[in-house]
Amino acid sequence: GAVTRTTTFTLDVNYRGDINNDGIVNSLDWSLMNAKWFSNDSGTDLNADGVVNAIDFSLLNANWFKSG
């Protein structure tokens with residue numbers, strides 16, 4: 001007889017901009033980013049260029065309301 005194997009994988013998708021890791025990019029993440037604006041906070045510096053600014057916001061905004 002034939003043997004069949006089924007494997008199921010669950011992948012957690014963390015979108016760039018989900019700063020608080022709650023599974024959705026939303027105003028809570030923006031609030032965290034806004035509190036660190038113009039700082040070098042690595043948790044909100046999404047492009048890792050050393051400063052939290054409009055570039056990081058554009059990355060967050062590109063994933064607005066995406067969830068995973």
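These are legends for close-up views of one predicted model.

**View 1. Helices α1 and α2 pack against each other.** Here we look at the pairing of helix α1, residues 27-35, with helix α2, residues 54-62. The angle between them is about 175°, and the axes sit 11 Å apart. Angles over 145 degrees count as roughly antiparallel, so that is the label for α1 and α2. On the α1 side, the residues making the contact are Asp-29, Trp-30 and Met-33, and they meet Asp-56, Phe-57 and Leu-60 of α2. Sorted by type, the residues of this contact come out as four nonpolar, two charged and no polar.

**View 2. Six residues make up the largest nonpolar core.** The members are Ile-19, Val-25, Met-33, Leu-46, Val-52 and Leu-60. Zooming in on Ile-19, and skipping its neighbours within four places in sequence, we find it in contact with Asp-29, Leu-32, Met-33, Gly-43, Thr-44, Leu-46 and Leu-60.

**View 3. Val-52 sits in the loop between α1 and α2.** Leaving out neighbours within four places in sequence, the contacts of Val-52 are Met-33, Lys-36, Trp-37, Phe-38, Ser-39, Asp-41, Thr-44 and Asp-45. For a sense of scale, Val-52 and Ala-35 are 17 residues apart in sequence, with 9.8 Å from C-alpha to C-alpha.

**View 4. Trp-30, Trp-37, Phe-38 and Phe-57 form one aromatic cluster.** The structure as a whole holds four aromatic pairs. Take Trp-30 and Trp-37: their ring centres are 5.7 Å apart and their planes lie at 80°, so this pair is edge-to-face. Trp-30 counts as partly exposed, at 28% relative accessibility, and Trp-37 is likewise partly exposed at 28%.

**View 5. Trp-64 and Phe-65 form an edge-to-face aromatic pair.** What are the numbers behind this pair, centre to centre and between the planes? The centres of the Trp-64 and Phe-65 rings are 5.6 Å apart, with 65° between the planes. As for accessibility, Trp-64 is partly exposed, with a relative accessible area of 32%, while Phe-65, at 57%, counts as exposed.

Technical notes
Residues are numbered from 1 along each chain as its sequence is written. This is a predicted model: local features need pLDDT of at least 70, side-chain atom pairs count only at pLDDT 80 or more; totals for chains, interfaces and linings use all residues. Side-chain values use heavy atoms; hydrogens and water are left out. Axes are lines fitted to C-alpha atoms, for helices over the stretch in contact, and angles run from 0 to 180 degrees between N-to-C directions. Helices (H or I, at least four residues) and strands (E, at least two) are DSSP runs, numbered from the N terminus. Angles under 35 degrees count as roughly parallel, over 145 as roughly antiparallel, 65 to 115 as roughly perpendicular and the rest as oblique. Contact means heavy atoms within 4.5 Å. Ala, Val, Leu, Ile, Met, Phe, Trp, Tyr, Cys and Pro count as nonpolar, Asp, Glu, Lys and Arg as charged, and the others, Gly among them, as polar. A nonpolar core is a set of buried Ala, Val, Leu, Ile, Met, Phe, Trp, Tyr and Cys residues joined through side-chain atoms within 4.5 Å. Buried means under 20% relative accessible area, exposed over 50%, partly exposed in between (1.4 Å probe, protein chains only). Rings of Phe, Tyr and Trp (its six-membered ring) pair if their centres lie within 6.5 Å; planes under 30 degrees apart count as stacked, over 60 as edge-to-face and the rest as tilted.
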